[in-house]
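Please open the model in your viewer and keep the selection panel at hand. The stops below proceed from the whole chain to its ligand sites.

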Amino acid sequence: MPPQIFRLVILTAGVVGSYGIARMLMVPPTFGEHGSYRGAALEELAAAKPVFSGIKACDECHSEVLEELVKFEHKTISCESCHGPSRKHAADPDVTTPKGKFADSDCLRCHQSSPSRPVWLKQVDPNEHYRGDKRCSACHLPHQPNEKP
Ligand code: HEC
Ligand code: HEC
Ligand code: HEC
Ligand code: HEC
């Protein structure tokens, strides 16, 4: 075998070999058990504690808020999509209180104009929409966005 071919063979074996060793070291042990993902991930996800409790739980104590909410444009949004995961609060309101103070960015998370958003979702450019020192909630009621406060 000519020496340059021999060196090429050694080089190829080295590259393939180090790839094999790196793969052995880096692939998690349960990878591929069920498919092309980490098998242990299933148990880990199943063991995670739920943090959302759902709108029915909020209805038990805040039915007057829900009654308002469903009359207006925010009717499709769950309480917890604005107030954050509140399972602990629903289980015992004395222990935690959900987020109750909001910044404009909390509204703009959904309403900031962006070409990637569906056209039915009303969007505003905060640099043009009633620019001033007023916050969104000075002109819009979050539970009744069609009404003026
Ligand atoms: C068992 C009754 C109960 C349930 C269920 C419940 N809450 Fe409450 N919630 C309360 C009480 C009582 C307060 C007042 C506590 C306080 O002022 O510290 C309160 C206060 C709040 C506040 C006001 C926070 C503030 O800073 O003013 C928000 C927001 C809220 N709840 C959201 C929710 C959401 C969302 C759910 C559903 C996941 C929910 N609650 C479920 C009893 C309940
Ligand atoms: C679009 C976002 C949004 C949704 C959806 C929403 N809230 Fe609120 N909520 C707010 C904001 C913002 C405030 C603070 C109002 C303020 O500071 O004037 C608030 C205030 C509250 C308060 C404090 C007292 C009051 O009535 O102002 C309670 C309690 C509350 N929300 C419960 C709920 C419950 C229960 C639901 C579901 C039925 C819900 N919210 C859905 C944004 C939302
Ligand atoms: C989780 C996403 C979400 C958040 C957060 C949110 N909105 Fe909305 N909002 C919607 C959807 C969905 C609609 C109904 C479709 C539409 O009219 O664009 C809507 C509708 C509206 C409308 C139009 C009402 C009308 O007259 O047609 C206003 C105004 C509004 N929201 C203001 C706010 C304000 C102020 C906040 C912050 C307190 C807020 N929204 C937070 C999703 C959101
Ligand atoms: C000074 C009062 C004022 C402030 C502050 C304000 N808005 Fe408005 N907003 C209005 C009025 C009035 C309308 C309805 C007429 C219009 O579209 O100009 C409106 C309309 C909207 C609409 C519906 C737009 C449409 O296409 O029909 C959305 C969504 C909205 N506002 C979100 C917001 C958000 C988010 C903020 C905070 C960043 C905010 N607004 C701050 C007064 C205000």
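Begin by colouring two ranges: the domain assignment places residues 3-47 in domain 1 and residues 55-139 in domain 2, with bounds that come from an automatic or database domain assignment. The C-alpha centres of domain 1 and domain 2 are separated by 46 Å. This is a predicted model, in which local features need pLDDT of at least 70 and side-chain atom pairs count only at pLDDT 80 or more, while totals for chains, interfaces and linings use all residues. Residues are numbered from 1 along each chain as its sequence is written, and chains are lettered from A and ligands numbered from 1 in the order in which they are written.

**The whole chain**

Buried residues account for 7% of the 149 residues. Here a residue is buried if 20 or more other C-beta atoms lie within 10 Å of its own, exposed if 12 or fewer, and partly exposed in between, with C-beta atoms placed from the backbone.

Switch to a cartoon next: the protein has seven helices and zero strands. These elements are DSSP runs numbered from the N terminus (helices H or I, at least four residues; strands E, at least two).

**Helix 1**

Select residues 3-26. The 24 residues of helix 1 should span 34 Å at 1.5 Å a residue, and the end C-alpha atoms, 34 Å apart, agree with this; the expected span is 1.5 Å times one less than the number of residues. Within helix 1, pick Met 24, which is exposed because 8 other C-beta atoms lie within 10 Å. A distance drawn from the C-alpha atom of Met 24 to that of Ser 105, 81 residues along the chain, reads 46 Å.

**Ligand 1**

Centre on ligand 1, which 16 residues surround, the closest being Cys 58, Cys 61, Cys 79, Pro 93 and Gly 100. A residue counts as near if its C-beta atom, placed from the backbone, lies within 6 Å of the molecule. Helix 3 (55-69) gives the most to this shell, with five residues, and helix 4 and helix 5 (87-91) each supply at least two. By class, the shell around ligand 1 holds seven nonpolar, seven polar and two charged residues. Ala, Val, Leu, Ile, Met, Phe, Trp, Tyr, Cys and Pro count as nonpolar, Asp, Glu, Lys and Arg as charged, and the others, Gly among them, as polar.

**Ligand 3**

Move to ligand 3. Which residues are closest to ligand 3? Of the 20 that surround it, they are Cys 107, Cys 110, Lys 122, His 140 and Pro 145. Helix 6 gives the most to the shell around ligand 3, with five residues, and at least two each come from helix 4 (79-83) and helix 7.

**Ligand 4**

Finish at ligand 4, where Cys 107, Tyr 130, Lys 134, Cys 136 and Cys 139 come nearest among 14 residues. Helix 6 has the largest share of the shell around ligand 4, four residues. Helix 6 (104-111) and helix 7 (136-139) each supply at least two residues there. The shell around ligand 4 comprises eight nonpolar, three polar and three charged residues.
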